[in-house]
Amino acid sequence: MELRAARRFVADKLTGWGLADLVDDATLIVSELTSNVLAHAGTPFTVTLLRVGDGVHISVTDESPSQARLTHPDPSEPTGRGLRVVNALATEWGQTPLPTGKQVWVLLGTAE
């Protein structure tokens with residue numbers, strides 16, 4: 001899946017579920033997570049959505065064992081804020097190590 005296709009998939013699915021109010025935040029989150037895969041993991045990735053009440057569980061799975069981490073970039077650095085954006089928008093987020101990589105997941109629009 002490519003970045004543009006991932007954003008389109010998320011927007012289309014959420015709109016179809018009647019969750020259009022989450023589209024902007026969800027597509028930004030998916031953009032940040034998939035950009036991290038492309039920049040750091042360099043592996044194929046999968047985006048999965050699961051409706052949770054009035055919200056959505058978003059996961060991005062890649063083939064790298066390296067864990068995602070929040071960074072504290074210098075203000076002059078042009079990159080390094082992706083997970084900070086995710087953290088600011090998400091109800092909750094985390095990651096799960098997998099035998100073949102990792103899954104970074106986000107709950108959006110739900111208090112669960």
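Helix 1 passes helix 2 in a right-handed crossing (a crossing is right-handed if the near helix is turned clockwise from the far one by less than a right angle, and left-handed if anticlockwise). Helices here are DSSP runs of H or I with at least four residues, numbered from the N terminus. The model is predicted, with local features needing pLDDT of at least 70 and side-chain atom pairs counting only at pLDDT 80 or more, while totals for chains, interfaces and linings use all residues. Residues are numbered from 1 along each chain as its sequence is written, and side-chain values use heavy atoms, leaving out hydrogens and water.

Helix 1 spans residues 3–16 and packs on helix 2 at an angle of about 155°, the axes lying 9 Å apart. Axes are lines fitted to C-alpha atoms, for helices over the stretch in contact, and angles run from 0 to 180 degrees between N-to-C directions. The two helices are therefore roughly antiparallel (angles over 145 degrees). On the helix 1 side, the contact (heavy atoms within 4.5 Å) is made by Leu-3, Ala-6, Arg-7, Val-10, Ala-11, Leu-14 and Thr-15. Helix 2 contributes Val-23, Ala-26, Thr-27, Val-30, Ser-31, Thr-34 and Ser-35.

Turning to the next pair, helix 2 (residues 23–41) and helix 3 (residues 82–89) pack at about 150°, with axes 9 Å apart. That makes helix 2 roughly antiparallel to helix 3. Their crossing is left-handed. Here Asp-25, Leu-28, Ile-29, Glu-32, Leu-33 and Asn-36 of helix 2 meet Gly-82, Leu-83, Val-85, Val-86 and Leu-89 of helix 3.

Key
Parallel < 35°, antiparallel > 145°, perpendicular 65-115°, else oblique.
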